[in-house]
Amino acid sequence: MKRSKGVGDVQILESTAENPSKIEKWHSDMTFRDTPPMATVLHGKVIPEFGGDTLFASMYAAYEALSEPMRELLDGLVAVHDFRHGFAESLAEPGGAARLADAVAANPPVQHPLVRTHPESGRKALYVSPLFTTRIKGLAPAESRALLEFLYSHMVTEEFTVRLNWQPETIAIWDNRCTQHKPVNDFFPQHRLLHRVTVAGDRPPLSTAVRSMRGVELRPLSGALGAEVLGLDVTRLDAGGTAWLHEALLEHQLLAIRGQQLEPGSFSAFAGLLGKREVYPIQPADTRRPVRGANRKGAG
Ligand SMILES: [Fe+2]
């Protein structure tokens, strides 16, 4: 499929017998990005006499049809999405890797919640796709493959889908946060040309993994636990930053934040962000000298 630059934000998607579309798998658009588009708007310009429909599936319907224990399991999971997975065929073409080198470099793998809560409707939707999802974080490879395979077949159950037949000048708008779609490439050698605009979206919030925070980096201290927090000023934590820190602690168990010059009052206020402060039950009698016995045991 040709993807030449159109006018302004309008991208031209053109499929011909010589340059057929290569995308055939179900997906939500561009989930390989941190902030995938909220909506896609397509305008049919050159439409084949037959074929070329687009299938859509409701990820609300797919999620809501699952049993409660399965929904509970999925709610806590995070999946990895990768540009290279979606464009593997193009990358494998002669010269493909060189042509797409910039795009690969600009789109490292990202993590999204496996179940996405829609920021406007509040409803939950499955948010993994065979086109872009490579694995479920934290599961053994065989577990991840099996669960994804189940979800990929479940989420396109016919009752959750609709088939859109294009006509010239049809505009289709879809919400990428709660749907997936699949092109049906059954119209060759006919010619098809669509115009596309994508509408910017939010970052899907991670509820059980550490969401990223602008300018702040977590660097593991060991393979088992612990992370160093780089780029954080603890005196400037707002509610979102505090939630981030709490999640980072849950994930890493131990955090080291260096270079924080704080008076005891500010330090105590910072600690208070994590929860109710309490007085340590064993106090060294004199903190200016090394403590002994039980006191020493209690310190640190
Ligand atoms: Fe798409």
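## Reading sheets, a helix and a core

Author: Strands S3 (residues 54-58) and S9 (residues 161-164) run antiparallel, joined by four bridges. This is a predicted model: local features need pLDDT of at least 70, side-chain atom pairs count only at pLDDT 80 or more, and totals for chains, interfaces and linings use all residues. Residues are numbered from 1 along each chain as its sequence is written.

Reader: How are strands and helices assigned, and what counts as pairing?

Author: Both are DSSP runs, numbered from the N terminus: helices are H or I, at least four residues, and strands are E, at least two. Two strands pair if DSSP finds at least two bridges between them. Strands of a sheet pair through backbone hydrogen bonds, either parallel or antiparallel.

Reader: In what order do the strands of the sheet with S3 stand?

Author: The order is S9-S3-S11, an open sheet of three strands with antiparallel pairing. S9 and S11 are the edge strands, each pairing on one side only. Neighbouring strands are turned by 20° against each other on average, direction ignored. The angles are between axes, lines fitted to C-alpha atoms (for helices over the stretch in contact), and run from 0 to 180 degrees between N-to-C directions.

Reader: How many bridges join S3 to S11?

Author: Five, and S11 (residues 179-183) runs antiparallel to S3. Serine 58 has threonine 179 as its bridge partner in S11.

Reader: What is the order in the sheet with S14?

Author: S13-S14-S15, three strands in an open sheet with mixed pairing. S13 and S15 stand at the edges with a single partner strand each, so one side of each has no neighbour in the sheet. The twist averages 30° from one strand to the next. S13 and S14 pair antiparallel over four bridges. Leucine 218 has valine 229 as its bridge partner in S14.

Reader: Why does the length of helix H8 agree with expectation?

Author: The expected span is 1.5 Å times one less than the number of residues. H8 (residues 239-252) has 14 residues and should span 20 Å; its end C-alpha atoms are 20 Å apart, which agrees. Glutamine 253 follows H8, and its phi is positive, near 70°.

Reader: Which residues of H8 are buried?

Author: A residue is buried if 20 or more other C-beta atoms lie within 10 Å of its own, exposed if 12 or fewer, and partly exposed in between; C-beta atoms are placed from the backbone. In H8, Trp244, Leu245 and Ala248 are buried. They cover an arc of only 100° around the axis, which puts them on the same side of H8. The arc is that of the directions from the helix axis to the C-beta atoms. Ala239 and Leu250, on the other side, are exposed. The cover over the buried residues includes strands S13 (217-220), S14 (227-230) and S15 (255-257).

Reader: Which residues of the largest nonpolar core touch the most other members?

Author: A nonpolar core is a set of buried Ala, Val, Leu, Ile, Met, Phe, Trp, Tyr and Cys residues joined through C-beta atoms within 7 Å. The largest has 19 residues; Met59, Ala62, Leu114, Leu126, Tyr127, Val128 and Met155 touch the most other members. Helix H1 (59-64), strand S7 (124-126) and helix H7 (141-154) each give two or more residues to this core.

Note on methods. Contact = placed C-beta atoms within 7 Å.
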